[in-house]
Amino acid sequence: MWRNSSYILRVSSTKSVGKVGYRPIKSAKKRLKDKLRILTSRKRTGTFSEIVKRINQTTVGWINYYGVANMKTFIQELQGWLNHRLRQLIWKRWKLPRTKYVKLRQYGIQHDEAMKTAHSRKGYWRISRSEVLHQAIPNKRLVKWGLKDLSQFYEQRYSKG
């Protein structure tokens with residue numbers, strides 16, 4: 001009946017302390033991460049809101065499909081990684097040190113810190129992990145810009161009380 005096995009929900013079961021739990025298999029997690037990696041590529045075109053919209057479609061669909069499984073830790077790790085990728089994308093799109101400085105000042109960073117970070121020679125990935133960029137673009141701001149909070153969505157959807 002099911003010729004293509006990708007349509008079947010594949011989960012691995014675990015047994016600990018008398019309870020049976022389910023988790024998405026490693027390949028499903030890897031496919032999701034690969035898909036998100038493509039969506040948050042630094043060389044991707046399109047507006048930020050379009051990118052966030054596609055990310056939301058992908059993650060919400062995945063959580064709806066695998067939501068019955070226990071994956072709270074995976075969702076939290078994925079959210080952190082995704083936020084990191086988006087900060088990197090934003091930093092890359094600001095491009096010029098002048099633009100980076102203006103944006104950092106706009107988001108409340110002090111002159112010295114903004115100047116130092118904007119003129120840094122460190123790579124995008126490393127700067128996106130910096131405290132200054134976390135202060136300028138906190139998780140709340142990413143949510144405000146349209147990104148769904150995956151942990152909150154998962155908890156609301158499948159709270160296991």
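The paragraphs below go through a predicted model, beginning with a helix pair and ending at a loop residue. Local features are described only at pLDDT of at least 70 and side-chain atom pairs count only at pLDDT 80 or more, while totals for chains, interfaces and linings use all residues. Residues are numbered from 1 along each chain as its sequence is written, and side-chain values use heavy atoms, with hydrogens and water left out.

Helices here are DSSP runs (H or I, at least four residues) numbered from the N terminus. The axes of helix α1 (residues 26-39) and helix α2 (residues 48-66) come within 10 Å and cross at roughly 170°, each axis being a line fitted to C-alpha atoms over the stretch in contact, with angles running from 0 to 180 degrees between N-to-C directions. The two helices are therefore roughly antiparallel, a term for angles over 145 degrees. Contact means heavy atoms within 4.5 Å, and the residues that α1 brings to α2 include L32, L36 and L39, while those of α2 include I55, W62 and Y66.

Helix α3 (residues 72-94) has 23 residues and spans 33 Å from its first C-alpha to its last, close to the 33 Å expected at 1.5 Å a residue, where the expected span is 1.5 Å times one less than the number of residues. K95 follows α3 with a positive phi, near 60°, and lies in the loop between α3 and α4 (97-106). At 60% relative accessibility K95 counts as exposed (over 50%, whereas buried means under 20%, with a 1.4 Å probe and protein chains only).

In helix α5 (residues 111-118), T117 counts as buried at 8% relative accessibility. Leaving aside neighbours within four places in sequence, T117 is in contact with W91, L104, I127 and V132.

Note on methods. Angles under 35 degrees count as roughly parallel, over 145 as roughly antiparallel, 65 to 115 as roughly perpendicular and the rest as oblique.
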